Amino acid sequence: MQIGTAAPTKEELAQAKHHFIHHKSIQDSYNVGAFEKEALQCLDTLFKKHNTIIMVGGSGLYVDAVTTGLDNFPKIDSSIRDKLNNDLKIKGLAHLQEALKELDNLAYNTIAIDNPHRLIRALEICIGTGQPYSSFLNKDKTKRTFKTITVGLTADRAIIYERINKRVDIMLQEGLLNEVKSLLKFKHLNALNTVGYKEVFNYLNNEWTIGFAVSEIKKNSRRFAKRQLTWFKKNKNTLWFDYLANFDDIINEINKNKTLPIK
């Protein structure tokens with residue numbers, strides 16, 4: 001899944017030591033809780049040799065799992081998840097999205113509702129507790145022993161969307177179609193029910209034209225980016241810089257924040 005996930009190239013990986021790149025098979029069961037545990041163990045080791053570690057990523061939930069910890073949710077009867085999974089198969093993703101919009105509009109507008117796993121998780125909490133999924137978020141958590149400085153790059157939305165569209169075109173030029181074809185037998189896996197793969201599966205199944213599949217990848221990527229912006233803007237401590245900002249200015253601002261105490 002090198003192309004569709006836009007994983008770092010061999011050249012990029014050689015420039016600095018990376019972690020959690022291609023470390024799992026698509027057939028492995030993996031979730032944000034497992035990532036939090038593994039990432040913290042990795043950090044414990046790295047901080048013995050380095051004062052500063054850089055984490056880069058676009059999934060807000062996974063970032064927050066490391067920097068602030070996961071939210072605690074009550075145990076939910078497994079029959080609720082079973083029913084929701086069955087509804088997904090019979091009634092489709094849009095039906096579940098509408099259900100979440102009615103039960104918890106805040107979660108509907110902030111979580112990755114195109115991700116069935118995340119969507120079903122939010123719904124089972126709403127149904128199983130009778131309370132909004134979002135009401136369980138941002139409660140007291142275990143404090144981290146390290147300080148986090150969050151840096152965000154921003155640009156006009158038109159530029160972001162133009163970059164997304166261009167990125168999809170480049171992925172196709174690099175062989176996205178062949179990559180997805182090689183994964184056809186695994187299309188039932190949750191890891192492949194993601195933007196860039198699910199749309200091409202529909203084309204390969206003769207449900208869509210290639211032109212429509214590409215337009216859907218671009219549209220769904222733009223929607224994902226919009227949700228990313230919404231998620232990251234919740235963090236009022238983020239140091240935001242224009243994507244064309246002078247690199248030294250960014251470094252100087254980071255160094256200023258290094259001297260501030262851990263909150």
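Modeller: In this structure a helix is a DSSP run of H or I with at least four residues, a strand is a run of E with at least two, and both are numbered from the N terminus. The model is a predicted one: local features need pLDDT of at least 70, side-chain atom pairs count only at pLDDT 80 or more, and totals for chains, interfaces and linings use all residues. Residues are numbered from 1 along each chain as its sequence is written, and side-chain values use heavy atoms, with hydrogens and water left out.

Biologist: How many helices and strands are there in the protein?

Modeller: By that rule the protein has 12 helices and two strands. Along the sequence they follow the pattern α-α-α-α-α-α-α-β-α-α-α-α-β-α.

Biologist: Why is the protein called as compact as a globular protein of that length?

Modeller: The globule rule is 2.2 Å times the number of residues to the power 0.38, and the radius of gyration is taken over C-alpha atoms. For 263 residues the rule gives 18 Å, and the radius of gyration here is 20 Å, close to that value, so the protein is as compact as a globular protein of that length. Along the principal axes, the C-alpha atoms fill a box of roughly 55 × 50 × 35 Å.

Biologist: What share of the contacts in the protein with a separation of 6 or more joins residues 24 or more positions apart?

Modeller: A contact means heavy atoms within 4.5 Å. Of the contacts with a separation of 6 or more, 65% are between residues 24 or more positions apart.

Biologist: What makes D87 buried?

Modeller: Buried means under 20% relative accessible area, exposed means over 50%, and partly exposed is in between, with a 1.4 Å probe and protein chains only. D87 has a relative accessible area of 10%, so it counts as buried. D87 lies in helix α4 and, leaving aside its neighbours within four places in sequence, is in contact with G92 and L96. In the protein as a whole, buried residues make up 33% of the 263 residues.

Biologist: Where does F47 lie, and which residues does it touch?

Modeller: F47 is in the loop between α2 (32-46) and α3 (60-67). Not counting residues up to four places away in sequence, F47 touches I53 and F146. F47 and F146 are 99 residues apart in sequence and 9.2 Å apart in space, C-alpha to C-alpha. At 31% relative accessibility, F47 counts as partly exposed.

Biologist: What of I149: which residues does it touch?

Modeller: With residues up to four places away in sequence left out, I149 touches L239, I254, N257 and K258. I149 lies in the loop between α7 and β1 (151-154), and its relative accessible area of 28% makes it partly exposed. I149 and K219 are 70 residues apart in sequence and 31 Å apart in space, C-alpha to C-alpha.

Biologist: Why is the phi of N206 worth a remark?

Modeller: Most residues other than glycine have a negative phi. N206 is a residue other than glycine with a positive phi, near 65 degrees. N206 is found in the loop between α10 (198-204) and α11 (210-232), and at 71% relative accessibility it counts as exposed. A6, which is not a glycine either, has a positive phi of about 50 degrees. A6 is in the segment before α1 (10-15) and, at 41% relative accessibility, is partly exposed.

Biologist: What makes the second largest pocket a pocket, and what is its volume?

Modeller: On a 1 Å grid over the protein atoms alone, a pocket is an open set of points with protein on both sides within 12 Å along at least five of seven lines, and lining residues have an atom within 4 Å of a point. Grid points are joined across faces, edges and corners, and a volume is the space filled by probe spheres set on the points. The second largest pocket has a volume of about 430 Å³. Of its 14 lining residues, N85, L88, P116, I120 and N190 are the closest to the centre.

Biologist: Which helices each supply at least two residues of that lining?

Modeller: They are α4 (78-91) and α7 (116-129). The largest share, four residues, comes from α4.

Key: 1 Å grid on protein atoms, 1.4 Å probe; cavity = no way out; pocket = protein on both sides within 12 Å on 5 of 7 lines; lining within 4 Å.
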